[in-house]
Amino acid sequence: MTSLLVATSRVVVTISLAYVPVKSAFAAPQNAAGLCSAIAASSIPASRISLPTTGAKIQSATLIGGSDPANQNGEYCKVIGQIKPVDPKAPDIIWQVNLPSVWNGKMLQYGGGGYNGSIPPTTDKTTLGLDVVPTPLTQGYVTFGSDSGHQAPNADDASFAKNDEAMLNYGYMHIKKVLDVAKVLVTERYEKPVTRVYFQGGSTGGREGLTAASRWPESYDGILTNYPTANFVGLRLWGAGLARAVYDDKSAGWIPPKLVERISKEALKSCDGLDGVEDGLVGNMQQCRAQSAVLVQSLACKSDVTGNPDDCLTQAQIERTLKIYHEGYSLPYQLANGINTYPGYNSLEGIMMQLGSEPQMRTPPVSGPNAHHSSRSFEFLQNFVQRDQPLNLLSFDIREPGKLKDRIVELSDVIGATRTDWSTFSDRGGKIIWLQGNDDPSVSPLGNAKLFESIVAKMGADKVKGFMRFFLVPGLAHGGGRFSPTWDNLAALDNWVEHDVPPSNPVVVDATKSSTKGRSRPLCEYPSWPKYKGDGDVAIASSFSCADD
């Protein structure tokens, strides 16, 4: 018998783990229907899960037939269950594991989004994967995922975080707990061992992928991470700083939607051709940022004005809102792994700033009417940090958070994925393919680029090149955007892990619904970018090279 202790800032719980054999009945039948039916009657003891739980239960196990015209994934057993918490007040982790009748020996875990609260679409393609490629489940992967340990009507609700166990599950624990459950089902369903375990996701799911590889490097072989919220706490503090910049002094920093749109259009117009071709994409982002001051000057009001004019920028808008949006902030204290900055966004290079449609902040702030990031920040500070007492976002100072500072720093390690030493993961052959959009309005591309640079500084360029590829993609927002790259990313990852063939300037295809759908571009390893060669079809990747200048 093993005793396992878990401590948080508010609660300490001890549970005893005694091994209880999983019912072997569902391993006996030698047919898919019988095996799937037997799973429905099984349970998984806490001893089979490496982090604290009180076991897992199966809610349903249904064989989905390959002859069903509504099913495009071949024959598989759809298993839905729940992992029971230690704290009786904490919610369950609801999970789904899909067991294909013809298994390739590999597993693929799906990440979530936002504050989660629902199971991700584990029968769909990968994030930024090609529609024309069979889904991972069709290819024979066991696919699985969870709601991260709470249930919510939408991914904006963070009220679950007032419970410590639910908060820890969201931060990192649900990832390994669900992997352990999925491995139990795989062990009992098939007569061969797992050969590879991969993780894929975007945004929160991208952070979860980096978390999986950094916390449990022995358990994962490859990660597809797209625009991850790696510096999660830094991002939420940035949202709080933006709220003060926009809404202080009777919303002096708020910029009307028409002017926000004009800034975006003017920036795109001035920077589009810097990569050699005017195609609606800013490829040479560094040069574009270098000339941003000229854009601001051209849009600045000629004299002091009152209110928020629709056709020019006031000094308050420039010195407050544009400054933090474009340049970010620095802190007089450090978050986990020595981070004390959050770089801004390409808000003067073409992205559409998310400042809301209303000049007054609602209580609490609402994404859409108010700045999107202020809403997400309020949810974090109220439920993860302040918890029991009401929070006034416009009295919170990110540089001097007072008694809340220690809690904020603690959470940056619990939830963040900002570690820079990946030696254990890389030494055992793990691989990471990381995509980040330059046009992302939700996660700072500058911040993720800086994190990648920190990994290179810690481990050395040659070491990092052996296990990680980082691509900054022109036109890609937080999924979608002016250019939505799709490619067979799972095959690329699997080929690198299995055969040590890394992706080298792979070609991606635009999946946007605009007239440019179908155009292709090379993915260029950071810090290079796709430059038009001067001739050739601008819709074809071969007309571009990856430039370093």
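1. Helix α2 (residues 164-189) and helix α10 (residues 405-415) have axes that come within 8 Å and cross at roughly 50 degrees. The pair is therefore oblique (under 35 degrees is roughly parallel, over 145 roughly antiparallel, 65 to 115 roughly perpendicular, the rest oblique). Axes are fitted to C-alpha atoms, with angles from 0 to 180 degrees between N-to-C directions; helices (H or I, at least four residues) and strands (E, at least two) are DSSP runs.

2. This is a predicted model, in which local features need pLDDT of at least 70 and side-chain atom pairs count only at pLDDT 80 or more. Residues are numbered from 1 along each chain as its sequence is written.

3. The structure holds 22 salt bridges (a side-chain nitrogen of Lys or Arg within 4 Å of a carboxyl oxygen of Asp or Glu). One of them joins Asp279 and Arg521, at 2.7 Å from N to O. Asp279 lies in the loop between α5 and α6 and Arg521 in strand β17, so the bridge ties together parts 242 residues apart in sequence. Asp279 is buried, at 14% relative accessible area, and Arg521 is buried at 5% (buried is under 20%, exposed over 50%, partly exposed in between, with a 1.4 Å probe and protein chains only).

4. Asp500 and Lys431 form a salt bridge with their closest N and O atoms 3.8 Å apart. Asp500 is in the loop between α14 and β16, and Lys431 is in strand β13, 69 residues away. Asp500 is exposed at 54%, whereas Lys431 is buried at 8%.

5. A network of salt bridges links Lys106, Arg196, Asp221, Arg428, Asp494 and Glu498.

Note on methods
Heavy atoms only, no water.
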